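Work through the exercises below with the model open. Try each task before reading its solution.

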There are 2 protein chains.
Amino acid sequence: MDPTIDELLPFLLRRENVARYEDGAVLIGDRRKYPWEKVFVRCTDVESVACAIEDMVTQGGGPSIAAWYAMVLAAREAENRPPTQRLSHLKKAQARLVDTRPTNTALARRLERALAVLEQALADGQSLPETLLAWIEQQRDRTYDDYAATARYGASLMADGDGILTMCFAETAFLLSLGLAAREGKRLRVFTPETRPYLQGARLTAPSVHELGIPVQIIGDNMPAFVLSQGKIQKYFTAADLITLDGHVVNKIGTFQNAITAHYHGVPYFAFCWGLDPNRPDRASIVVEERDPAELRTCRGQLTTIPEIDAYYPAFDITPPHLVAGIITKAGIFSPYDLKDHTELF
Amino acid sequence: MDPTIDELLPFLLRRENVARYEDGAVLIGDRRKYPWEKVFVRCTDVESVACAIEDMVTQGGGPSIAAWYAMVLAAREAENRPPTQRLSHLKKAQARLVDTRPTNTALARRLERALAVLEQALADGQSLPETLLAWIEQQRDRTYDDYAATARYGASLMADGDGILTMCFAETAFLLSLGLAAREGKRLRVFTPETRPYLQGARLTAPSVHELGIPVQIIGDNMPAFVLSQGKIQKYFTAADLITLDGHVVNKIGTFQNAITAHYHGVPYFAFCWGLDPNRPDRASIVVEERDPAELRTCRGQLTTIPEIDAYYPAFDITPPHLVAGIITKAGIFSPYDLKDHTELF
């Protein structure tokens, strides 16, 4: 892997700041307090890691890493129990962690793999925590290698002088693409809609881009089309919570309308992809999560209207493939109409 | 005029709640505190009315009405002065009030008309405050007649079962259109984007529509396209700060991107028009006001990011005529391509 990758990442996305294991505790970077405070939630048992995940201390790729390290805590406890109780103790911990994100099948699948590693260590009579820790570090480094491969394709799409629109917090692949492009001497300018109601654009993306030394401006979620009409934006990039096999991009609400207005202004839209789920063939296979309307009636704890007013809060939207210029993966930049045959992404 | 018009209006838009004259004082409805409080700022001299306008106590049609009533206060003071000083006292008051909105030529023109009325009363030896008060009431009632005429055209465009998208606070013509349509038995449902950073959609539009008994939901400024894709919206209506003679609609930022995404989904966009300015022939004659970026870094006083992050805040945008299905005026619903010959709107 590229040893300088970590230097190109902002605080929030460095591997040790997402979550790490230290002296019998899991430290989780607290994204709820960022950018005002750079602090960690310290957890010394599985239950407190589970609660931290449920309380949205971390998000994106964070919960999986935190949950893996929680299994190290469980492995330490298991070694102090009679041999016959060890596996059931580990399984109980796994079940509790899976419960934190009932709809996130990726977390469940990753915990299953961690349990398999522990079962093998049990059978082989190896140290449970040491074996698991080594495996986690290896997995995490492999993930960062994939980020780097993806980001090299992302950076190749960014040209000197580009104004770049994004949405929400596109995380490591996007930030690393910017960092790589800037290292190549490309001058970029980023526009980040604030992303109501949680303000990921204002709180996470803008400070992270700023930290890389790349000019960034927050705009309102109601402003991308006008900024596009001014000719200030040449490319639009987002992450994707899910991409269907037929090329529909599911991402934070607002991604779709930016894609429409980018297309209207002749600006291409690219989505970063972390893998494809063979169980999500098309738009019909997606259920868009609707969250509590009350979340839309506040902004950082302040009411934005009176409580008796109703609100509607779909958390994600779906961008059809004809608005997507390319899907950026670790294996290349693909057409959204050509995903189902790329089984290396399954 | 239709005597029941006032009953169809929500609290915020009733003529006595915008601004009124009472016992030697001007009472101005405080839109900064609405919807949490329904209170008035009480002003007993011209200076305090001017400060209230500068402090954004009222907006839209409010500043003109408040400034007219401030001239009644000035007229009362003038009558206590020697006859030779009366006109200069009135002119000084007028100048102070014009200064409150240096770019709002409508306010300056309206104050000029009020001064002409006072000069005539001086020449005729009539009571200055009584003459002006009678004239203001007449002008105000005529404006509400125009609102009603416009709203009848607006209501005619609303069909039973329609989902209606709006933006910012489209004020009297829009609310009255909804009220008239509902009185005719049409079942409507309104979606109002919150309109960052000042939240006019959440604070003013949603409570006003709710007060009419019409179902309304706040959505994020990032959500209109997705709600359109769900088939929940059949029409899109906004006010217009300005419409050029060649049909470009200038309105609160976000209006344009909603018009693009409405057009993408086959949903027509209609703008309410209060008159045309012969000095604004086309897009090139418009300068979009850019406001202090700091305003975008807060929401009701709460910071949304760290202060060192830059922001960009264009306050208005421009929707080209090919995205506008019709301009709703007191004289009818016109094509945006057919405005320059409607001199009755100049």
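**Conventions.** This is a predicted model, in which local features need pLDDT of at least 70 and side-chain atom pairs count only at pLDDT 80 or more, while totals for chains, interfaces and linings use all residues. Residues are numbered from 1 along each chain as its sequence is written, chains are lettered from A and ligands numbered from 1 in the order in which they are written, and side-chain values use heavy atoms, with hydrogens and water left out.

**Exercise 1. State the predictor's confidence in chain A and in the complex.**

Start with pLDDT, the predictor's confidence in each residue, from 0 to 100. Its mean for chain A is 95. Of the residues of chain A, 99% reach 70 or more. Then take the complex: its ipTM is 0.93 and its pTM 0.94.

**Exercise 2. Describe the interface of chain B and chain A.**

Count contacts: 59 residues of chain B touch 59 residues of chain A. Now take buried area, the accessible area (1.4 Å probe) that two parts lose on being put together, summed over both. Here about 4,800 Å² is buried, and carbon and sulfur atoms give 63% of this. In chain B, the most area is lost by Asn222(B), Phe226(B) and Tyr312(B), together 16% of what that side buries. Last, look for salt bridges (a side-chain nitrogen of Lys or Arg within 4 Å of a carboxyl oxygen of Asp or Glu). The interface has 2. Arg196(A) pairs with Glu194(B) in a salt bridge, their closest N and O atoms 2.6 Å apart.

**Exercise 3. How many cavities of 30 Å³ or more are there, and what lines the largest cavity?**

On a 1 Å grid over the protein atoms alone, a cavity is a set of points where a 1.4 Å probe fits but cannot get out; lining residues have an atom within 4 Å of a point. The count is 2. The largest cavity holds about 80 Å³ of space. Its lining includes Phe11(A), Asp30(A), Arg31(A) and Thr58(A).

Key: 1 Å grid on protein atoms, 1.4 Å probe; cavity = no way out; pocket = protein on both sides within 12 Å on 5 of 7 lines; lining within 4 Å. Points joined across faces, edges and corners; volume = space filled by probe spheres on them. Contact = heavy atoms within 4.5 Å.
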